[in-house]
Amino acid sequence: MTMLSASLVDATSTVATTCVEQCRAQIDKDLAALAESMHALRSSRNGLAYISSLPPEILANVFRHFVEEGFESYTSRNRCHGAPTCLIVTHICRRWRQVALECPTLWSSISYVSPRWLAIMLERSKNAALVVTYNTPVSLYVYLEQILLQLPRIKVLQFRSRLCDVNPVLDLLSSRPAPLLQIFKFSVSETNGPYLKSLPDTIFQGQAPQLWSVELTWCRFSPSSRIFHGLRTLRVGRGRGNTSYPAPQLLSALRHMPSLEQLTLEQLALEHLSIIIEEAKLFDKLPLPRLKRISLDATTIKTAVYLFAHLALPIDVKISLRFERIEGPHNFSDLFLAMEKDYNGSEGSRPVVRSLYAVCMSHCEFGVQFSTSMTPNKSGYSAWNPCDDDIRLSIQFRCNTDAEVDSTIIFDICRIVTQGRIQNLILTSSFYLRDHFWYAGSADLPELEVIHLSRIAIEGLITALHPECAENSDIAYPSLRVLDLEQVDFEYGESENLQDAIKKRAEDGIRLHELRLTKCTNLKLDEVRLFEEVVGNVDWDGHEESTGHVNRYPHCTWDFYDSDEDLEDLDYTD
């Protein structure tokens with residue numbers, strides 16, 4: 001009886017387990033069907049969205065714009081896995097994935113993808129023109145070999161080669177034509193020595209008919225290479241050492257680029273500079289009739305003089321220069337003479353320079369810009385922008401530390417360039433400018449109407465402006481009509497002294513029409529009202545911050561070659 005009861009229990013348990021399993025299986029089946037139904041309903045609902053009514057070609061354009069603009073949060077999470085940005089649009093819905101996979105151009109922008117994704121993108125891009133951009137050194141066998149085998153369909157090629165891979169890379173670049181290539185940027189990883197590799201004449205098998213922009217770093221180009229003849233933009237140089245070229249070779253290369261519009265030579269050192277300016281008249285100048293901008297960065301006066309003595313530039317060309325080891329104003333004489341000879345052979349009238357933007361970075365570092373506009377950007381050193389359309393000439397230079405160079409050198413340069421016909425002065429300085437600086441400015445800029453000072457001590461200017469302090473009978477800055485002070489810290493008594501100087505000038509018939517005060521410190525409402533009594537228009541922003549009349553100008557940490565930093569934490573020392 002006991003054994004029979006146990007058998008019945010086991011049978012009942014087995015039947016129950018089987019029943020439960022069947023029920024679970026049925027429930028799982030119903031859930032799957034429900035999930036499928038929910039998926040179908042969601043798809044149908046998504047299909048009713050306005051964006052789902054966009055034609056595939058419009059949606060593909062949206063995707064391309066998304067990829068071109070980039071998606072920062074996605075990029076930061078997935079770059080470590082080497083996934084392309086365009087992958088995200090394939091994970092939204094079935095239709096988006098289908099459109100993305102059927103759009104070859106969406107997969108044609110290759111940058112920092114893993115080897116696995118590189119192969120996938122090359123496959124999915126089909127025959128679309130490729131845009132390849134790598135800003136850090138790239139492995140030859142992991143990446144470059146696959147990429148450079150696609151040269152016939154690459155439109156933009158930008159990469160940096162490891163030094164050990166340069167020769168095989170150049171062989172690959174010479175193995176195929178590049179009929180679609182428009183932009184080529186090639187650099188070699190820096191070395192401790194003066195390594196400089198030349199591109200072979202056989203690069204792209206001499207076939208790159210659409211190439212218009214070339215940038216080379218730590219690498220030379222051959223003047224005899226036909227592929228560079230149609231260039232509109234050329235940038236060569238930059239590294240820890242100078243990029244050295246035989247001067248005749250560089251001129252020969254430029255002679256074959258009649259369409260050149262932008263020329264940038266960084267840290268350039270020319271060899272065999274045996275021809276001086278007067279001797280250059282015996283030779284035909286090299287015409288660059290379409291040149292819009294020329295930039296010589298971290299070069300020497302001698303190199304610049306040689307180039308300008310041999311080039312025939314358009315009258316409205318924009319020039320940007322950076323020099324080292326300047327001894328004084330006399331170093332600029334040959335330079336401006338060579339530049340003047342350039343302009344004399346050009347057609348048309350020269351643009352009228354109206355404004356001088358000057359930066360005194362330290363006792364040996366200076367910068368000047370000449371603008372055709374009376375209202376150029378004036379927001380500190382961040383305003384330094386040689387690419388501004390109104391800026392015709394930019395010069396930055398560092399003087400030898402043992403050279404006796406005064407800050408008035410900026411007025412010496414201005415006098416040579418414009419013969420003193422400047423109406424607007426914008427000035428920022430990292431050290432104290434004494435009254436003799438301002439007297440020199442008055443002598444060299446007699447037509448000056450506007451002075452804008454940013455983050456600078458004004459004691460020296462006040463002394464120069466006061467008629468009773470004049471070095472001679474002539475009042476300084478007789479044409480001054482507007483004084484614009486930005487982020488100026490008024491020391492004790494300076495507001496009263498400035499008010500008195502303005503009043504005395506008005507009594508002598510030289511009236512200040514406008515005084516602008518922006519973010520100035522240690523300036524109170526009653527002091528501003530005193531200004532209103534002697535100035536026709538006082539534009540004050542109401543800023544009344546007090547800093548306690550202490551030295552608020554710690555040492556300036558400006559890097560001479562960093563043109564993107566604001567001039568902050570200034571050092572006003574003797």
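1. Of the protein's 574 residues, 48% count as buried (under 20% relative accessible area, with exposed over 50% and partly exposed in between; 1.4 Å probe, protein chains only). Bear in mind that this is a predicted model, where local features need pLDDT of at least 70, side-chain atom pairs count only at pLDDT 80 or more, and totals for chains, interfaces and linings use all residues. Residues are numbered from 1 along each chain as its sequence is written, and side-chain values use heavy atoms, leaving out hydrogens and water.

2. On the fold: there are 16 helices and 23 strands (DSSP runs, H or I of at least four residues and E of at least two, numbered from the N terminus). Among contacts (heavy atoms within 4.5 Å) between residues at least 6 apart in sequence, 70% join residues at least 24 apart.

3. Now the core. The largest nonpolar core has 152 residues, and Leu173, Phe184, Phe308, Phe332 and Leu517 have the most contacts inside it (a core is a set of buried Ala, Val, Leu, Ile, Met, Phe, Trp, Tyr and Cys joined through side-chain atoms within 4.5 Å). Helix H10 (residues 301-310) gives the largest share, seven residues.

4. Take Leu517: not counting residues up to four places away in sequence, Leu517 touches Leu485, Phe490, Leu523, Val528, Phe531, Val538, Asp539, Trp540 and Asp541.

5. H12's Ile410, Phe411, Asp412 and Arg415 meet H13's Phe437, Ala440, Gly441 and Asp444.
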